[in-house]
Amino acid sequence: LYVVEPSAGAFRMTARLFDLSVPLVADSLLWFVGEDWPARLASFLRANPGMPPPVTGRVLPGGPDGDGLKRIFEEAAAWRQGEAVRLGEEGRRAYAGWTPAAFAPGGRPRILLVTSRYTTVLQYVTRDLERAFRQEGCEALTLLERRDCQWSVMMEVRQKIVSWKPDLVVFLDHLRWEFGDLFPPEVPYVCWVQDRLDWLFD
C-alpha cells in the first residue's frame, strides 16, 4: 500500500490525533510524506523494481495530484521494461563466446541461487544449499524478495548476471524455459527437483 501525503504538517497533525506507531513500521505500508514526494516515490520505484504497482487508488481531498501519481507509476513501468531489455542485451554480450573451459576463471565458481520468500520450504533449502556451496569453496549468492510485498526478483537477477557474471544458476522446482530469455544461453542452469509438480513432469 503506497501512502502519499504532500503536506508534512497535515501528517504531523494526524500523528498527534491517532496512534500510527504500527502502520509506520509495517513492511507493507510505504510512506511518502512532504512536498518532495514525487521525486522520492520515483526514486523508490527505480531502486526497487520488483515492487508491484497499485491495482487501485483513492485520492482524498487535499491529497496528491491523481494524474501526477498515475504518471509516476506509468513512467516507472516503462523504465522497468527498458531496463530489462538493456540488461538482457548486456548479459548476452557478457557471455558471448563463453565456453565450459571459461568456467570459474578465478578458481572459485560463482553460484547464483534464486528462490522466493513466499515458499514454505524451498527458501530454507536454498539457503542451506548456499552454505554448502560456500563450505566447498564456491562464491554463492541467494536472491529472494526483500519485502513481504515485493512480487519479483527477476530484475535483480538480470542485474547480477551483468555485474556478478555467475558460472552457474541453481533453481529449485523451476525449469529454465519458464523464464524465457532471462538467462543467456551460455549460462549453465541446474533445476533441483524437490517436489512432484505438474509443470516438472508434464
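**Cavities, pockets and helix contacts**

Analyst: The model is a predicted one, and a search of the whole structure finds 1 cavity of 30 Å³ or more.

User: How much space lies in the largest cavity?

Analyst: The largest cavity holds about 60 Å³ of space.

User: Which residues line it?

Analyst: The lining of the largest cavity consists of Leu87, Gly88, Gly91, Arg92, Arg158, Ile161, Val162, Asp181, Leu182, Phe183 and Pro184. By class, 6 of these are nonpolar, 2 polar and 3 charged.

User: Which helices each supply at least two residues of that lining?

Analyst: Helix 4 and helix 6 each supply at least two residues of the lining of the largest cavity. Helix 4 gives the most, with 4 residues.

User: Then let us look at that pair. At what angle do the axes of helix 4 and helix 6 cross?

Analyst: The axes cross at roughly 30° and come within 9 Å. Angles under 35 degrees count as roughly parallel, so helix 4 is roughly parallel to helix 6.

User: Is the crossing left-handed or right-handed?

Analyst: Helix 4 passes helix 6 in a left-handed crossing.

User: Which residues meet there?

Analyst: From helix 4, the residues are Arg80, Glu83, Ala84, Leu87, Gly88, Glu90 and Gly91; from helix 6, they are Met155, Arg158, Gln159, Ile161 and Val162. The contact of helix 4 with helix 6 comprises 5 nonpolar, 3 polar and 4 charged residues. Leu87, Gly88, Gly91, Arg158, Ile161 and Val162 belong to this contact and also to the lining of the largest cavity.

User: Let us change topic to the pockets. What is the volume of the largest pocket?

Analyst: The largest pocket has a volume of about 900 Å³. Its lining counts 33 residues, and Leu1, Tyr2, Val3, Val4 and Arg58 lie nearest its centre.

User: Which elements give two or more residues to the lining of the largest pocket?

Analyst: They are strand 1 (2-5), helix 1 (8-17), strand 2 (30-33) and helix 4 (66-94).

User: How does that lining divide by class?

Analyst: The lining of the largest pocket has 23 nonpolar residues, 7 polar and 3 charged.

User: And how much space lies in the second largest pocket?

Analyst: The second largest pocket contains about 270 Å³ of space. Of the 16 residues that line it, Pro49, Gly50, Arg80, Trp151 and Met155 lie nearest its centre. The lining of this second largest pocket divides into 11 nonpolar, 3 polar and 2 charged residues.

User: Which element gives the most to the lining of the second largest pocket?

Analyst: Helix 4 does, with 6 residues. Helix 4 and helix 6 (154-163) each supply at least two residues of this lining. Arg80 and Met155, among those nearest the centre of the second largest pocket, are also part of the contact between helix 4 and helix 6.

Notes. Residues are numbered from 1 along each chain as its sequence is written. This is a predicted model: local features need pLDDT of at least 70, side-chain atom pairs count only at pLDDT 80 or more; totals for chains, interfaces and linings use all residues. Side-chain values use heavy atoms; hydrogens and water are left out. On a 1 Å grid over the protein atoms alone, a cavity is a set of points where a 1.4 Å probe fits but cannot get out, and a pocket is an open set with protein on both sides within 12 Å along at least five of seven lines; lining residues have an atom within 4 Å of a point. Grid points are joined across faces, edges and corners, and a volume is the space filled by probe spheres set on the points. Ala, Val, Leu, Ile, Met, Phe, Trp, Tyr, Cys and Pro count as nonpolar, Asp, Glu, Lys and Arg as charged, and the others, Gly among them, as polar. Axes are lines fitted to C-alpha atoms, for helices over the stretch in contact, and angles run from 0 to 180 degrees between N-to-C directions. Angles under 35 degrees count as roughly parallel, over 145 as roughly antiparallel, 65 to 115 as roughly perpendicular and the rest as oblique. A crossing is left-handed if the near helix is turned anticlockwise from the far one by less than a right angle, and right-handed if clockwise. Contact means heavy atoms within 4.5 Å.
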